[in-house]
Amino acid sequence: DDNYFVVGCSDNRIVTYHTETGELTQEYNHHLAPVNAIVFITYDGEDGAQSNEPVKMVTSSDDKKILVWEWDIGVPIKYISDPTMHSMPCLSMHPSGQFICGQSLDNTICCIQTSPKIRVSHNKKIFGAHHCRVRL
């Protein structure tokens, strides 16, 4: 909806403001570190319909977790976390709306399937050319 503005904050919260009134309409506060990225899912995997309105919201944080939220409900419906997972400062939705890619800080790209169920693909692509090296 064009009437809402969503912000990921450094105080571990995600807040939604109504653009016409400036009123804070929703607060999401389950992350344990600053929020890095927010992506909206408009594809409803349950009935297979594409929507113009957000159905779900996916957030990533420095706490090395990805949380999936029902739009406008302050409780996450899915936690994506793994002991080997690194923080993902950037998330991007595939044009089909059925996949999200996240740039992990361990030089991998993590793909998340958004339909019919939200789940992580465990086939990680490693990009060795992005390693930083110091030469003396």
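Residues are numbered from 1 along each chain as its sequence is written, and side-chain values use heavy atoms, with hydrogens and water left out. Because the model is predicted, local features need pLDDT of at least 70 and side-chain atom pairs count only at pLDDT 80 or more, whereas totals for chains, interfaces and linings use all residues.

The protein chain contains zero helices and 14 strands. Along the sequence, the protein chain accordingly reads β-β-β-β-β-β-β-β-β-β-β-β-β-β. Of its 136 residues, 36% count as buried; the classes are buried under 20% relative accessible area, exposed over 50% and partly exposed in between, with a 1.4 Å probe and protein chains only. The protein chain exposes about 8,300 Å², of which carbon and sulfur atoms supply 51%; accessible areas come from the Shrake-Rupley method with a 1.4 Å probe, and for residues only the protein chains shown count as cover. Among contacts (heavy atoms within 4.5 Å) with a separation of 6 or more, 33% link residues 24 or more positions apart.

An open sheet of three strands has the order S1-S2-S3 and antiparallel pairing, where two strands pair if DSSP finds at least two bridges between them. Strand S1 (4-8) and strand S3 (24-28) each have a single partner strand and stand at the edges, so one side of each lacks a neighbour in the sheet. Neighbouring strands here are turned by 15 degrees against each other on average, direction ignored. Axes for such values are lines fitted to C-alpha atoms, for helices over the stretch in contact, and angles run from 0 to 180 degrees between N-to-C directions. Strand S2 (residues 14-18) is joined to S3 by four bridges, the two strands running antiparallel. Valine 15 has glutamate 27 in S3 as its bridge partner.

Four strands form an open sheet in the order S4-S7-S8-S9, again with antiparallel pairing. S4 and S9 are the edge strands, and each pairs on one side only. Strand S8 (residues 66-70) and strand S9 (residues 76-80) run antiparallel and are joined by four bridges, with leucine 67 opposite tyrosine 79 in S9. Five residues lie between the strands of the hairpin of S8 and S9, in which aspartate 72 takes a positive phi near 70 degrees.

The largest nonpolar core comprises 14 residues, of which Val58, Ile66, Ile80, Leu91 and Ile100 touch the most other members. A nonpolar core is a set of buried Ala, Val, Leu, Ile, Met, Phe, Trp, Tyr and Cys residues joined through side-chain atoms within 4.5 Å. Strand S4 (35-41), S8 and strand S12 (108-113) are the elements that give two or more residues to this core; S4 gives the most, with three residues. Valine 58 touches Ala37, Ile38, Val39, Ile41, Ile66, Leu67, Val68, Leu91 and Ile100, residues up to four places away in sequence not being counted. Another core, of seven residues, lies apart from the largest one, and Tyr28, Val35, Trp69 and Trp71 are among its members.

Serine 61, in strand S7 (residues 56-61), has a relative accessible area of 1% and is buried. Not counting residues up to four places away in sequence, serine 61 touches His31, Ala33, Pro34, Val35, Asn36 and Ser87. Serine 115 is found in the loop between S12 and strand S13 (119-120) and, at 5% relative accessibility, counts as buried. The C-alpha atoms of serine 115 and phenylalanine 99 are 7.8 Å apart in space, while the residues are 16 apart in sequence.

With a disulfide defined as a pair of cysteine sulfur atoms within 2.5 Å, the count comes to zero disulfides. Cysteine 110 is in no disulfide, and the nearest cysteine sulfur, that of cysteine 111, is 6.8 Å away. Cysteine 110 counts as buried at 3% relative accessibility, whereas cysteine 111 counts as partly exposed at 26%. For cysteine 111, the closest cysteine sulfur is that of cysteine 101, at 3.6 Å, which is too far for a bond.
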